[in-house]
Protein chains: 2
Amino acid sequence: MLSRYFPVLEWGRTYDRSVLTSDLMAAIIVTIMLIPQSLAYALLAGLPPVVGLYASILPLVLYAIFGTSRTLAVGPVAVVSLMTASAAGAVAGQGSAAYLEAAITLAFLSGIMLAVLGLLRAGFLANLLSHPVISGFITASGILIATSQIKHILGIDAGGDNWPEMLGSLAIAVFEANPWTMAIGTPAMLFLFWVRKGGKPALQRLGLPGRAADMLAKAGPVAAVALTIAVVIAFDLGDKGVRVVGAIPQGLPPFAMPSTDLALIEKLWVPALLISIIGYVESVSVAQTLAAKRRQRISPDQELIGLGASNIAAALSGGYPVTGGFARSAVNFDAGAQTPAAGAFTAGGIALASLFLTPLLFSLPIATLAATIIVAVLSLVDLKTPGRLWRYSKADFAAHLVTIMATLIAGVELGVIAGISAGLLLYLWRASRPHAAIVGRVPETEHFRNIDRHKVFTVPHVVSIRIDESLTYLNARWLEEYVLEQVAARPEVRHVILMCSAVNAIDASGLESLEAINHRLGDGGIGLHLSEVKGPVMDRLNRTHFAEELNGKVFLSQDRAFAELLNDTGEPPPPADQYLARGLI
Amino acid sequence: MLSRYFPVLEWGRTYDRSVLTSDLMAAIIVTIMLIPQSLAYALLAGLPPVVGLYASILPLVLYAIFGTSRTLAVGPVAVVSLMTASAAGAVAGQGSAAYLEAAITLAFLSGIMLAVLGLLRAGFLANLLSHPVISGFITASGILIATSQIKHILGIDAGGDNWPEMLGSLAIAVFEANPWTMAIGTPAMLFLFWVRKGGKPALQRLGLPGRAADMLAKAGPVAAVALTIAVVIAFDLGDKGVRVVGAIPQGLPPFAMPSTDLALIEKLWVPALLISIIGYVESVSVAQTLAAKRRQRISPDQELIGLGASNIAAALSGGYPVTGGFARSAVNFDAGAQTPAAGAFTAGGIALASLFLTPLLFSLPIATLAATIIVAVLSLVDLKTPGRLWRYSKADFAAHLVTIMATLIAGVELGVIAGISAGLLLYLWRASRPHAAIVGRVPETEHFRNIDRHKVFTVPHVVSIRIDESLTYLNARWLEEYVLEQVAARPEVRHVILMCSAVNAIDASGLESLEAINHRLGDGGIGLHLSEVKGPVMDRLNRTHFAEELNGKVFLSQDRAFAELLNDTGEPPPPADQYLARGLI
């Protein structure tokens, strides 16, 4: 029981030296990767670079205690950084103390929300984001993020919360581009693009073994950082307009308090909720993918608690919203991390870096960080999905497109909301028009099939309707209309059989519709019968007076129903209770 | 085509004298009933009484042109009047010009919304309101409305937007009750309660035939109005603190313009949308019930246009939001109305009344109108539904209770929103945990049943999973978890068969989950097979590479799948394309 909420108690019991070695190795590699990434994503979030480091220490320790994934690496990620910038930018100017406070408060609110949802076991809410909506959002976010960083490569000032604004702002300022900045940023970007795919083979050609070449290639950003720092110092580019990171306060994260200003919380709770949902969905997808590779399991509800604790920790240590990132988790996994302890060791590495390494980063050009971001996020842009969706399902394609367009045009928050709404509306629309068919008997069998698709036997005075959906409030109105329409179109009909083989549930609205249909058919002297009602559905119906009031019978099989009503062309059906008394129902 | 949007063109063609006579008769009866009702509901909406008359003229004519119900009587109704009071009261004080303008603007916005939804054929949105939510909302509204009118019976000042506020406000002022007002209001209320049930038998005992007694009993409110006017005049009660209607402007409705103030529209659009949805749902339910009695049909999408036109007409003629009312429609139906022309004639009757009758109403006590309202709305309070829902479905009961509590405590708008949200959340919660079963073969048959419910045959290396739900984004995550859990719990498993007989659709997220399952099972050397995939679902799957990448086969029947895999205890299954080539899939 206790280990459900503290997974560390489970894996901690079998922790030994060999696991420790694996975890330490993985932690060293992830730390090297995480330092430039943390700085870059803080920049993307509009925050001082050191905040990115702060967000990569305590949250990792908390996830190691509460998280259920063995290999997930938590910290600042691109999409959540963009969302943070959007939300904090709406309440304060970048660089102000209020902006930082808003970012910290977002982490705190998001942490509380995640933890509460986890305690309520409400992970199912993440289902609201369908795959097409998530992929549309990630693609559009990638485009937005890459566009937002172009200014740093050019060394100009530009802004904008959505794509048209960003492009317009870039177009105005592009002629003021700083050549020295471009001379740093462009090669850095090209190198990073190349090293992603070309780094490993090149290192292998130099004689390195495959695995080492792979790991070293992943340290490409570190090489870019070191190299561009050297160039800036050597040519004194800081004085020639190349913006650099500058002085980073040395030391461990400070203790910070989220704001308790209710007016601020009222403005931030919706963005915090969206950050929570997006962060959770991204993190759980990564965690599930990696867990499956080693036949491990994660607990989606406990993941909410793990991420909640991480975000609360981020807020209390001066950081900003964090979640499980794809790239770093994959590196952690590949580097051989065995338990969440690897995350705690990484936290130690980052803490050492923020204690001792930060002076070395003084001359790091912002353009290099921007190049890291651009290269990282362009891999998020997925151009194959729209075509695939178009071929498979127009509705899913529509949800995907709406999400992309809304995110690009109206920004990340409205993008998520539009995506969720479009998905729900399309779902409700389909749910309100379920599939149903008039069926007839396949000759010489007991099977009943759609009269439009098969050669089947029917009689004019009996209509058999197969409903291929549970009867819920979303289709209750449709059910009434559909059944009464079928009857209105067949004046000779004396018996209606609802074949319920695909009806998995009937809610109170569905029941009321059945009662209304029964009542209206009864007024016209038409019998309503049910066939093949599933056990649990019938159990529930028997708690009501429906079966007694039914203007017809409940049959175990469609074949029996049809056979019995086949010859009843004359009298209206006798009341159901006679059959009840004879035990026929 | 044209008659789809103008149903009048259809029924108008066969209009003759006998229909005219029926319609005229019904119109006279409904007019008599509608005059006190219109005044009363305007009072409930916090508007001058004459606005109720205005809302009962032009809207009825427009509905006669655009509506599809033969017998629906449109006009002010109790619940919508309460919602109007709540929305207008939030932006202006009762009695002010701004309050009236807000009410008119609500009618206009609601009319536009309804008409647009109708043109988009988006009537399915009304499905968002389940039966338990509607009945909860109506019950709570009835309680709120009755409570809000007690002050008029007592002759005191009280207020409040929700039940606790109303009760508190009444408790404070109750000692200032005006005895003369109570002497009018209390007997009027008791008389109206009695006449509902006891009026018809009493009149029959006096020798009237059944039908006439019924109609006359329905005119009870008119008798109460006439009698209390006489008492007020006879005893000069107007001077003794009994509030009366006072001077009502004589004449036809003025031409009015809804506000074009964007700030006002921004405040009113949400309440206008809620008024539209509630009004539409109430109206369509009444129209469908009455249409079914005469085996007629209504068109739910065209009803949106009909009600939209009525509300735009209400706005332009100084009225407030209208919809089809239950009581008056039933009277119209019983009185023999044959076509919507009866509504147009009723409009003529109300117009005559507002031209010539209004001076007679000067001394009508407000207490009488309040008594009419209280008696009318208490019949909306349904105390049987909670128990019925509790027995049938706890989830529906929860949605019902949440709606009632939210409406009573937080008012009508939040009540509707809470009801819709609770319904959706419960639906999503259930949809994210669909029913599924591990199945085995019933001995000596081709049937496969749940292993927990039946004695069936299984083998350890094959697990057959029947999914009783379409695979959509709401359960995609569950599907992955469920299947992989079943496999994780059975280390000997070499083949997984997903029995898809109840899978009516697979959306893009469902497909991605299947692909992920296929991939993960493949990593473990386990075959994934599908059986009994429905035709349209398979057609769609064939548009993708799923079948080719499937790490197993697609079988027409579960029996064939099980029979073939039964003996395959050794080797991993051959790739699917071999079977494709042999035409086995």
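Predicted model: local features only at pLDDT ≥ 70, side-chain atom pairs only at ≥ 80, totals over all residues.
1. Residues are numbered from 1 along each chain as its sequence is written, chains are lettered from A in the order in which they are written, and side-chain values use heavy atoms, with hydrogens and water left out.

2. Chain B gives 61 residues and chain A 62 residues to the contact (heavy atoms within 4.5 Å). About 5,800 Å² is buried between chain B and chain A, with carbon and sulfur atoms giving 51% of that area (accessible area, 1.4 Å probe, that two parts lose on being put together, summed over both). On the side of chain B, the residues that lose the most area to chain A are Y392(B), Y473(B) and R477(B), together 16% of what that side buries.

3. Two salt bridges are counted between chain B and chain A (a side-chain nitrogen of Lys or Arg within 4 Å of a carboxyl oxygen of Asp or Glu). D468(B) forms a salt bridge with K534(A), where the closest N and O atoms are 4.0 Å apart.

4. T147(B) lies in helix α8 of chain B, residues 131–154 (a DSSP run of H or I, at least four residues). T147(B) is buried, at a relative accessible area of 8% (buried means under 20%, with a 1.4 Å probe and protein chains only). Leaving aside residues up to four places away in sequence, T147(B) touches W163(B), M166(B), L167(B) and L170(B).

Conventions:
Helix = DSSP H or I, 4+ residues; strand = E, 2+ residues; numbered from the N terminus. Buried < 20%, exposed > 50% of the residue type's maximum accessible area, 1.4 Å probe, protein only.
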